[in-house]
Amino acid sequence: MKLSAIQTSHTLNDSDTRPSASQTVALDVSQLSWCIDGKTILSNINFALPTGQMLGLIGPNGAGKSSLLRCLYRFVRPTQGKITLFDHDIERLSPKAFACRVAVVQQDTPHYFDLTTEQLVSMGLTPHKGMFDTNSSCDGERIAKALEKVGLSHKMHQQYEHLSGGEKQRALIARAIVQQPQLLILDEPTNHLDVRYQIQILELVRSLGISVIASIHDLNLASALCDSLLLIHNGEVSAMGTPTEVLTEGRIGDVFGVCAQVSTHPQHKKPLISYFYGYHDSTHSMADALTERGEGG
Amino acid sequence: MLVALGIITLITPIAATSFGAANISFMDVIQVFINKMANLTQANGMTERIVMELRLPRILLAFVAGAGLSLAGSVLQTVTRNPLADPYLFGISSGASFGAVVMLTLFTGSGFFENAGMAANSGIFSGSGALSGLLWFSLPFGAFIGASLSVLIVLALSGLGLNSQVERMLLSGVATSFMFGALTSLLLYFASPQATASVLFWSLGSFAKASWSLLVLPTLVIGASLFIILGMKRQIMALQAGDETAHTLGVNVPKLRLNMLLLCSLITAILVATCGGIGFVGLMIPHTVRMLFPGRQPILLTALVGGLFMVWIDVLARCLLGNQELPVGIITAAIGSMFFLLILRKRRIMA
């Protein structure tokens with residue numbers, strides 16, 4: 001497996017020096033709510049994503065992360081609120097125009113009939129093409145470059161179905177690259193991947209230099225690789241800010257219901273979370289863990 | 001593989017024309033074609049008439065039907081993401097059978113149900129009366145009405161929402177299919193034996209009625225559909241990757257799926273009305289093409305292979321029994337399933 005083929009021009013230390021929060025706002029969400037069948041899934045979500053930044057969406061299962069992302073890529077229509085993408089109300093964009101601006105990598109990809117990796121990646125051209133347009137040599141080059149970027153050039157003629165989990169995920173990111181979006185939305189891109197791929201996928205996404213929103217379960221990963229974090233709990237924004245601002249011991253305890261100790265990561269100086277264990281035997285050991293943390297801290 | 005296909009494509013029209021009851025050789029056919037093209041006055045009038053007025057339209061109709069059914073099957077399999085989808089998925093064939101049976105029982109005068117049938121159709125067919133001479137015309141017409149009816153029911157139930165559109169389509173298709181099946185059986189139960197026999201024969205499909213004038217409508221419809229489908233092929237491809245993915249690629253999923261369903265239903269209804277219910281082609285050919293030519297965008301290929309397959313099936317239908325034609329549907333199902341099993345086996349050995 002040629003992992004080294006992935007070009008991550010970006011190292012962790014660069015992240016501090018990259019132009020943070022350049023003044024333009026890529027995505028602005030205001031007062032977003034979504035109710036279905038009388039149940040409130042999302043309520044009053046407000047946040048803005050500066051151009052070129054990577055926002056990590058964190059929160060427990062069922063908090064509404066995927067729902068929020070689905071609102072952002074218009075798969076569901078929010079009950080209330082306004083979403084603005086580079087000063088365009090996303091409701092007003094045609095499906096095609098929207099897809100030219102926003103690419104999505106989903107959590108679960110369904111079974112594909114019969115597609116090679118190259119065909120899957122070339123799907124990213126769909127919104128850019130008219131009815132009878134054929135792929136130009138320029139498009140072919142773009143596809144080849146995207147495949148090279150994710151390190152899958154050698155697998156381009158293989159069946160997508162036969163790729164490993166990490167390769168599938170990278171192929172989907174290559175498709176998103178071919179789509180040339182201004183905003184990339186990823187729904188748990190690191191799911192089912194081993195540690196090395198988790199880091200690699202997110203660093204790869206970072207290196208693209210476009211605005212990114214990704215929902216991430218691994219808090220340490222989110223802390224290390226995102227410019228800012230949005231913590232969602234029960235459909236509401238619980239906290240938003242830099243990883244250091246968001247990831248505090250108290251908040252992790254409140255929202256996720258676990259005991260954790262937050263320290264500074266030796267390399268990137270952002271929060272490093274250590275969890276405490278022993279939740280199975282009622283409250284007793286929970287209390288133990290708490291005292292332990294008290295002693296340790 | 002592609003080269004072989006190309007050669008078969010070139011040879012098929014001539015070779016297929018030379019098979020049949022009248023003894024016309026391969027060279028005779030070429031002779032006729034050359035004569036026609038050079039606009040020469042013919043030497044052998046009989047041969048030319050058999051070739052030009054009987055066999056050629058028949059071969060073309062078989063080709064158009066095969067191409068249309070495979071195309072519809074392929075598109076439906078993609079847009080519903082159901083590998084078992086075929087052109088008759090949405091109750092089209094049972095709707096068409098029902099329409100045909102209503103017509104048959106009406107015009108062959110089968111006592112009790114004549115009146116019931118008349119009452120049911122009085123709006124449309126008042127005045128056409130029980131003239132059995134109209135049967136030839138009314139059977140495809142009834143089939144078309146029946147097929148359209150079933151599609152309309154399915155469409156009304158499936159709606160435009162993104163959620164579970166496919167499931168609702170498939171389930172309402174199955175339900176519609178059974179409903180019309182039951183109605184057909186009921187009518188046949190009370191119908192005369194001749195009516196039952198002719199419905200059975202009709203439902204198995206035949207190209208025997210082919211003529212140049214009969215060819216016009218199917219050719220136009222299928223040509224236009226092919227054009228539209230080729231134009232939308234990126235969107236159709238994107239649907240393969242799931243509704244949500246297609247949505248993120250800028251495809252208006254419910255609308256595309258509904259339009260494709262309408263288009264495929266139109267193809268199928270026209271074909272069912274023209275040459276009866278020919279099963280298995282729409283299901284099998286797309287899979288066969290996918291297996292034989294992996295990793296291609298198989299829309300044109302599917303249509304071509306389906307057309308050629310049908311032409312040769314029709315040749316078999318004409319030649320297998322010395323003095324009698326076999327219904328095409330029997331052969332497609334028999335040969336098709338064998339061929340399919342063979343390919344599956346071969347693929348397993350290779351894998």
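Two residues are taken to be in contact if their C-beta atoms, placed from the backbone, lie within 7 Å. In this predicted model, that criterion joins helix 13 of chain B to helix 14 of chain B through Val281(B), Ile285(B), Pro286(B), Thr288(B) and Val289(B) on the one side and Leu301(B), Thr302(B), Val305(B), Gly306(B), Phe309(B) and Met310(B) on the other. By class, eight residues of this contact are nonpolar and three are polar, with no charged residues.

The axes of helix 13 (residues 281-292) and helix 14 (residues 299-319) of chain B come within 9 Å and cross at roughly 125 degrees. The two helices of chain B are therefore oblique to each other, and their crossing is right-handed.

Helix 13 of chain B reaches 16 Å from its first C-alpha to its last, close to the 16 Å expected for its twelve residues at 1.5 Å a residue. Nine of the twelve residues are buried, so helix 13 of chain B is largely enclosed by the rest of the structure. Among the buried residues are Gly282(B), Leu283(B), Met284(B) and His287(B).

In chain A, helix 7 (residues 195-207) has 13 residues, which should span 18 Å at 1.5 Å a residue; its end C-alpha atoms are 18 Å apart, in agreement. The buried residues of helix 7 of chain A are Tyr197(A), Gln198(A), Gln200(A), Ile201(A), Leu202(A), Leu204(A), Val205(A) and Arg206(A). Their cover includes strand 3 (54-58), helix 6 (165-178), strand 7 (183-187), strand 8 (211-215) and helix 8 (219-225) of chain A. Just after helix 7 of chain A, Gly209(A) adopts a positive phi of about 75 degrees.

Methods: Residues are numbered from 1 along each chain as its sequence is written. Chains are lettered from A and ligands numbered from 1 in the order in which they are written. This is a predicted model: local features need pLDDT of at least 70, side-chain atom pairs count only at pLDDT 80 or more; totals for chains, interfaces and linings use all residues. Axes are lines fitted to C-alpha atoms, for helices over the stretch in contact, and angles run from 0 to 180 degrees between N-to-C directions. Helices (H or I, at least four residues) and strands (E, at least two) are DSSP runs, numbered from the N terminus. Angles under 35 degrees count as roughly parallel, over 145 as roughly antiparallel, 65 to 115 as roughly perpendicular and the rest as oblique. A crossing is left-handed if the near helix is turned anticlockwise from the far one by less than a right angle, and right-handed if clockwise. Ala, Val, Leu, Ile, Met, Phe, Trp, Tyr, Cys and Pro count as nonpolar, Asp, Glu, Lys and Arg as charged, and the others, Gly among them, as polar. The expected span of a helix is 1.5 Å times one less than its number of residues. A residue is buried if 20 or more other C-beta atoms lie within 10 Å of its own, exposed if 12 or fewer, and partly exposed in between; C-beta atoms are placed from the backbone.
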